[in-house]
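Hi there,

Here is the structure I promised to pass on to you. Have a look at it first, and then read my notes below.

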Amino acid sequence: MGEQPIFSTRAHVFQIDPATKRNWIPASKHALTVSYFYDATRSVYRIISVGGTKAIINSTITPNMTFTKTSQKFGQWADSRANTVYGLGFASEQHLSQFAEKFQEVKEAARVAREKCQDKTELTNPALSLPSHQVLPSPIISSNGPGEDKLFRSQSADVEISTEKERLKKMLSEGSVSEVQWEAEFFSLQDNNSKLVAALHEANASVEQWKKELAAYQEETEALRQRVAELEAQGTPDSSSDNNKEELSQSLEELELLLKAKDEEIQLLKSQRCGRWEAEGEREETLQKLQELEARNAELEQRLQLAEQSLAESLAHRDRVHHEVTKVAEIMDVKIFELSELRQGLAKLVESN
């Protein structure tokens, strides 16, 4: 009841895994309020964070604690009393800096409060204020003798061991944070690589499909050229010439529409290639494929123009042949008429003779 909050912020709270001492365990799914409290009755400072009805963090700050920034938005400190390491992930570097500065201030205040407490203890206990040569003999020392010295040395060794353990815990926690960061970067790179591979496969599938369609168009164009050559070889009109002309015109129009659609798809692929492929080698390979497609498309258009020109020449030649045949037929009709008249005249002369 005597505690008052002196600073509050929001952060994602983590605790070190007690089993492995390497991995971080999130304390909640969302960011929590983390506050500094001051207990005036005991003159202690604490960091408290509550999730629902459970105290996630209840850490008493001591002068030997250290808050370490392990990244731009992550910091941690070890609490030997709770036998754990707490980690906080902040929304920005500014929030982390404010929390670290407040930690240093509170740590200094805790040191000052401890020194005041020790001063008060010395004042209330006269035996502690005596000079070293006037200290009253202790019955514990006189009764235990050399065993007490062993007790003091074992306590000193325990303190050294606990200090070494804290140092090792700090090193392990810093290493775990770096490992978490590298794992996050690895997963991010792996995700980006998967997206690039999927985009490349999709582009390769599209290129293969366009190759097949272009091959089909080339075959159809060759078939049209063969039909035009057959018409040229015939050189005489037949009853199905008009139907063939309509079919050829329709086929050419369909080819033009398909070529136009493929041009639009190629342009769309060219506009999207910069956003899909970031790797230089993949982009150059795709650009080369696009250039080959454009070259083949241009070649196909040229062949189509030649086919149209050949068809036009064939039609013109057919019209000329038809016109000449018509003239020849007319001349033959005239000659037949003249021959019939000559026959009639000869017949009359024969009869008269």
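What percentage of the 353 residues in the protein is made up of buried residues? The answer is 25%. Please keep in mind as you read that this is a predicted model.

Let me start with the overall layout. You will find eight strands and six helices in the protein. If you follow the chain from the N terminus, the order of the elements is β-β-β-β-β-β-β-β-α-α-α-α-α-α. As for contacts between residues at least 6 apart in sequence, 60% of them join residues that are at least 24 apart.

Thr84 belongs to strand E8, which covers residues 84-89. Is this residue buried or exposed? Thr84 counts as buried because its relative accessibility is 12%, and the cut-off for buried is under 20%. If you set aside the neighbours within four places in sequence, the residues in contact with Thr84 are Gln15, Ile16, Ala78 and Asp79.

Glu105 sits in helix H1, which spans residues 93-124. Its relative accessible area is 48%, so Glu105 is classed as partly exposed. Which side chain does the side chain of Glu105 make a polar contact with? The partner is the side chain of Lys102, at 3.2 Å.

Enjoy exploring, and do write back with any questions.

Best wishes

Notes: Residues numbered from 1 in each chain as written. Predicted model: local features only at pLDDT ≥ 70, side-chain atom pairs only at ≥ 80, totals over all residues. Heavy atoms only, no water. Helix = DSSP H or I, 4+ residues; strand = E, 2+ residues; numbered from the N terminus. Buried < 20%, exposed > 50% of the residue type's maximum accessible area, 1.4 Å probe, protein only. Contact = heavy atoms within 4.5 Å. Polar contact = N/O pair within 3.5 Å; in protein donor to acceptor, adjacent residues only side chain to side chain.
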